[in-house]
Amino acid sequence: MKFRAKIVDAACLNHFTRVSNMIAKLAKTCTLRISPDKLNFILSDKVASGGVSMWCELDQENFFSEFQMEGISAENNEIYLELTSENLSRALRTAQNSRALKIKLTNKHFPCLTVSIELLSVSSSSRSVTHDIPTKVIPRKLWKDLQEPTVPDPDVSIYLPALKTMKSVVEKMKNISNHLIIEANLNGELNLKIETEFVCVTTHFKDLGNPLLASENASQDRSPDEMAEVHIDIRKLLQLLAGQQVNPVKAMCSLFLLVVWSLRALAPCLPTTSLCSSLRGYCEKQDHPF
């Protein structure tokens with residue numbers, strides 16, 4: 001197995017660092033999948049147990065000026081590494097305002113992801129900083145558990161308001177309740193609601209819009225005004241919102257009666273990043289408890 005890559009563009013380096021910081025806020029460990037044309041950061045906590053799952057995809061040509069890799073074999077030309085998210089985030093933070101960043105898979109008595117940073121200098125001499133991040137090579141037999149998740153067509157998908165606005169609202173609600181009710185319909189309406197024995201508080205958002213594809217796939221029996229509803233742990237949602245550092249152009253929330261709440265964020269045009277995260281919740285719809 002071999003892997004080496006280099007980033008020289010400052011905007012690409014900044015964006016790559018923000019992606020790493022976001023992942024470090026979501027989980028202690030993550031899986032890095034390296035293929036000839038993409039990098040993937042994967043979180044595979046069991047959603048059914050209250051964890052957060054994530055599939056983050058980066059097109060290597062949008063980030064790296066140099067990119068070389070050889071997988072475990074010609075038939076399985078991929079590499080899967082498990083690493084501590086914070087170690088990678090900490091290493092990349094030292095790369096801000098640097099001349100170049102190099103990443104290489106090395107063996108120093110144990111597998112390492114070696115991050116070398118060429119620092120800017122006022123003199124002609126060059127300075128560099130190297131971080132060796134311990135990793136674990138994931139064997140081929142476990143790859144099947146780290147594939148891109150498949151989800152059914154949602155009952156309702158809706159574009160979210162600005163994530164900073166949403167985070168501010170949810171932070172205030174967490175002082176009243178541990179659970180949040182999210183309601184959405186195909187008319188672009190979204191409600192964030194908490195209910196306790198003594199109080200009910202609802203924040204309404206209108207004219208958010210619905211993804212066209214989601215509207216086409218929606219059940220023909222669903223009225224545009226009918227609300228789909230899901231109950232989730234408010235702390236898990238805040239963890240997800242607090243970790244968003246990629247400044248997405250749009251973020252989409254999909255509600256499933258199969259009790260998964262998902263957030264899909266599309267980052268600014270270049271470089272291209274897509275992120276899909278899922279949180280466990282439970283749904284209430286008419287007389288069908290989950």
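Me: Is Phe 16 buried or exposed, and which is Phe 64, buried or exposed?
Reply: The model is predicted. Buried means under 20% relative accessible area. Phe 16 and Phe 64 are both given the label buried.

Me: What kind of aromatic pair do the rings of Phe 16 and Phe 64 form?
Reply: Their centres are 5.9 Å apart and their planes stand at 70 degrees. Planes over 60 degrees apart count as edge-to-face. The pair of Phe 16 and Phe 64 is therefore edge-to-face.

Me: How many residues apart in sequence are the parts that Phe 16 and Phe 64 tie together?
Reply: Phe 16 lies in helix α1, and Phe 64 lies in the loop between β4 and β5. The pair ties together parts whose separation in sequence is 48 residues.

Me: What is the distance between the ring centres of Phe 16 and Phe 63?
Reply: The planes of these two rings are at 65 degrees, so this pair is edge-to-face. Phe 16 is in helix α1 and Phe 63 in the loop between β4 and β5, 47 residues apart. Their ring centres are separated by 6.0 Å.

Me: Which residues form one aromatic cluster?
Reply: The whole structure holds seven aromatic pairs. One cluster is formed by Phe 3, Phe 16, Phe 41, Phe 63, Phe 64 and Phe 67.

Me: Is His 15 buried or exposed?
Reply: His 15 lies in helix α1. Its relative accessible area is 3%, and the limit for buried is under 20%. His 15 is therefore buried.

Me: Where do Glu 86 and Arg 90 lie?
Reply: Glu 86 and Arg 90 form a salt bridge, with their closest N and O atoms 3.9 Å apart. They are four residues apart, about one turn of the helix. Both lie in helix α2.

Me: In which strand does Glu 118 lie?
Reply: Lys 102 and Glu 118 form a salt bridge, with the closest N and O atoms 3.5 Å apart. This pair links distant parts of the chain, 16 residues apart. Lys 102 is in strand β7, and Glu 118 is in strand β8.

Me: How far apart are the closest N and O atoms of Lys 167 and Glu 171?
Reply: Lys 167 and Glu 171 are four residues apart in helix α3, so about one helical turn separates them. A salt bridge needs a nitrogen within 4 Å of a carboxyl oxygen. Lys 167 and Glu 171 form one, and their closest N and O atoms are separated by 2.9 Å.

Note on methods:
Residues are numbered from 1 along each chain as its sequence is written. This is a predicted model: local features need pLDDT of at least 70, side-chain atom pairs count only at pLDDT 80 or more; totals for chains, interfaces and linings use all residues. Side-chain values use heavy atoms; hydrogens and water are left out. Rings of Phe, Tyr and Trp (its six-membered ring) pair if their centres lie within 6.5 Å; planes under 30 degrees apart count as stacked, over 60 as edge-to-face and the rest as tilted. Helices (H or I, at least four residues) and strands (E, at least two) are DSSP runs, numbered from the N terminus. Buried means under 20% relative accessible area, exposed over 50%, partly exposed in between (1.4 Å probe, protein chains only). A salt bridge is a side-chain nitrogen of Lys or Arg within 4 Å of a carboxyl oxygen of Asp or Glu.
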